[in-house]
Amino acid sequence: MRSAGLMLAAVAAALVALTVHLGRGLAFPPAVGAQPVPYGELVGVAMAVPAGAVVLFARPRNPIGWLLLAFAVFGTAQDAAAVYAVRAEARPEERLPGASLAYSLGVSLWVPAFAQLILLLVFYPSGRPQAAWWCWVNRTTVGSTALVTAALAMTPQQPRDRVWGEGPVLELPASWATALSLGGALLLAGAAVLVLGGALVRTWRSRAPERQQLLWLLISVALLLSVSFVPPWDWLFPIALGLIPCAVAVGVLWYRLLGIELIVRRTLLYGGLTALVLCLYAGVTAVLSAALPTGPVPAVAGAAVVATLLAPARDRFQRVVDRAVYGARNDPLRPFHRLGTEVSAVSAATVDVLPTVVAAVAAAVRAPYAAVVTAEGTLLAATGTVRAPTVVRPLTIARTHLADLVVCPADEDGLTAADAQIVDALTVPVSLIVHAQRLNVELVAARERAVGAALAERDRIRHDLHDGLGPSLSGVALGLEAVLEAVRTARTARMTRTTRTSGADGDVPPGTADVNRQVEELVGRLRAEVGRAVEDVRRIIDALRPSALERQDLVSALQERAAAITDRTGRRLTITVEATAPLPQLPLPVETAAYRIADEALTNVVRHARATRCVVSLSTSADSSTSTSSSIDAALTVEVRDNGRGPSSPSRGNDGVGLVSMRRRAEELGGTFRITADVGGNVVTARLPLDTSQ
């Protein structure tokens, strides 16, 4: 396959030389405005020969190299055939055979050359289509290309084309030729548009370096299409034509596509050594031949000098080539500096730095693939495409095997000595980074467990206070109230009996009235203390931050609560939570109060409003109406609107719930609260200042 590719390259080069040879001495009349030999176009097409040969020699089974060489062969064959037809027409005395066939080829072979560019966009840069259905596009391209080529080759000659030759080898009727060329052109144009659109989509979706490779080729193709249909820009056509193989060469060499570094390295090394040996041998032989005109001494001396200097020269020249191909290897701190720079450039918000680490390791040794794999076989991070062979280096900390660093050498023969030393040296900082990454993951998990435990403990305390201590204190308060009432009733009864009776039997024992009064005062004080304790417990319960706000923001927490209430009511009540704009970072007291007020309002809607629809609106605003200064106070407005017909809040008598609870929460933050009701439903509005320091 490599031999066949080299033969194609040789054919294209021979066609270039033949075109120049045939065009000698030919010239069109000035009115034509062109010349028989398009030297600019010829150079642009010929640039595809070295690019295609290098790619094909590196990967003979990859279609990219073959497409480039086919583009060069069709393009140079068209120019050669066109010039041949012109020469046969201009120099009849030379009696050149096949002039009509040359004319037909000269006016039609540009179509298959253009088709190679369409196919190149399908296969570039991986060498295979992205999906199976692209094969149908390729078949449509090939079929329509054959149709248009045949139609152009057999189209009757126009008067303006007389200078290009005597005419086609076989002429079709004009209507037939037009129909064939138009139908094939439409199919070919449709395939071209589809291929260009697919290439744009692949460019948008792909990542580096494939995106850069596609961009180079797409820009050159776009420039070629632009200048092809604008007559004043005809002089740019050869430049745009030559940019396409240059774009492929840049994508192949710069981004190390197809493992081309090995070919470039060996070509530079052995080609340079061959040139050096020839120059050295020729120089020594020439100098000695001047001193000793006869005898084998000059040749023997030249061979001896070459043999003596070949080994050290090869080593030095290989280091120069390695520096040019793989980068500097004499600076041992460069890979460490690059690794540190890449890791330091990672954003603080990025949790996983391992992708950056493996990319830096791969760049340090120009490896096509690098990865970090755990001891259990889990892939932590990777870059590039894996291929054989691979080199594995264990990553250990304190004799603990953390993971493995996997590297694919740039050279199929394995890592060079310098690359192996760099990889071995990089395992230490990479091990530390992997260890730090693992500690970071464990820290995040521990933090999540701590937050979960805190939330669970907070819920337990809330439930204990609400269901245990609160009711107990309330029961004690009720008991003391009953004792106080019993003491008052007993005292009243004794006083009544004393008034109705007389004599010693009705006298109250001395000190009894004072004792009753003291008991009543003591029970009253205990009742007041227990009441204050109940209020404290309720305040503690109210101050506990809802667990929903620990996991998400205010809007999401209310949406979750609204969904739960909707499901609980059997979807009899539909609740919508909306925010007029993204809410800023809210202070914790404001966020908690807003959630509690909205939750209490929704609970009251379910219990009392007999509504079917409810809307919770959250908005932030700047209101200066309540400020005596020129400053503007920002506030969060919570509005709960329902379409119920009954009151959406209980009476004021229920202390800590309903209207009193919501009003107290708003007023504690310096805000306002109001509730209105009309024929359309009930509206609960709370305005909470965002500046809680006032």
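This report describes the helices, cores and sheet strands of a predicted model.

## Overall make-up

The chain has 694 residues, and 40% of them count as buried. Its secondary structure comes to 20 helices and nine strands. Of the contacts between residues at least 6 apart in sequence, 68% join residues at least 24 apart.

In soluble globular proteins, nonpolar side chains tend to be buried together. The largest nonpolar core of this model holds 44 residues, and within this core L120 and L217 touch the most other members. Eight helices are listed as supplying at least two residues each: α1 (2–22), α3 (48–58), α4 (63–90), α6 (110–123), α7 (134–153), α8 (174–205), α9 (210–228) and α10 (237–253). The largest contribution is that of α6, with nine residues.

Which residues does L217 touch, leaving aside those up to four places away in sequence? They are L120, L121, Y124, I244, A247 and V248. L217 is also among the buried residues of α9, together with Q213, L214, L218, S220, V221, L224 and V227. An α-helix has 3.6 residues a turn, so residues three or four places apart point the same way. Helix α9 has 19 residues, and its span of 27 Å from first to last C-alpha is close to the 27 Å expected at 1.5 Å a residue.

N138 lies in helix α7. Is N138 buried or exposed? N138 has a relative accessible area of 11%, and because buried means under 20%, N138 counts as buried. Not counting residues up to four places away in sequence, N138 touches L119, V122, F123 and P129.

Strands of a sheet pair through backbone hydrogen bonds, either parallel or antiparallel. Here four strands form an open sheet in the order β2-β1-β4-β3, with antiparallel pairing. At its edges are β2 (379–384) and β3, each of which pairs on one side only. From one strand to the next the twist averages 15 degrees. Helix α14 (residues 354–364) packs on this sheet and touches β1, β2 and β4; the direction of α14 makes about 40 degrees with that of β2.

Strand β1 (residues 369–374) is joined to β4 by six bridges, and the two run antiparallel. β4 also pairs with β3 in the antiparallel sense, over seven bridges. Of the nine residues of β4, seven are buried, which leaves the strand mostly covered.

| Residue | Opposite residue and its strand |
|---|---|
| Y369 | C408 in β4 |
| V373 | D404 in β4 |
| L395 | A403 in β4 |
| R674 | T685 in β9 |

## Hairpins and positive phi values

β3 and β4 form a hairpin with two residues between the strands, and in this hairpin A398 takes a positive phi near 50 degrees. R399 is placed in the loop between β3 (391–397) and β4 (400–408). R399 also has a positive phi, of about 60 degrees, although R399 is not a glycine. How exposed is R399? The relative accessible area of R399 is 85%, and the cut-off for exposed is over 50%, so R399 counts as exposed.

R571 is another residue other than glycine with a positive phi, near 60 degrees. R571 lies in the loop between α18 (554–568) and β5 (574–579). With a relative accessible area of 60%, R571 is exposed.

A further hairpin is formed by β8 and β9, with two residues between them. Strand β8 (residues 672–678) pairs with strand β9 (residues 681–689) in the antiparallel sense over seven bridges.

Conventions
Residues numbered from 1 in each chain as written. Predicted model: local features only at pLDDT ≥ 70, side-chain atom pairs only at ≥ 80, totals over all residues. Heavy atoms only, no water. Core = buried A, V, L, I, M, F, W, Y, C linked by side-chain atoms within 4.5 Å. Buried < 20%, exposed > 50% of the residue type's maximum accessible area, 1.4 Å probe, protein only. Contact = heavy atoms within 4.5 Å. Expected span 1.5 Å × (residues − 1). Pairing = 2+ DSSP bridges. Axes fitted to C-alpha atoms, helices over the stretch in contact; angles between N-to-C directions.
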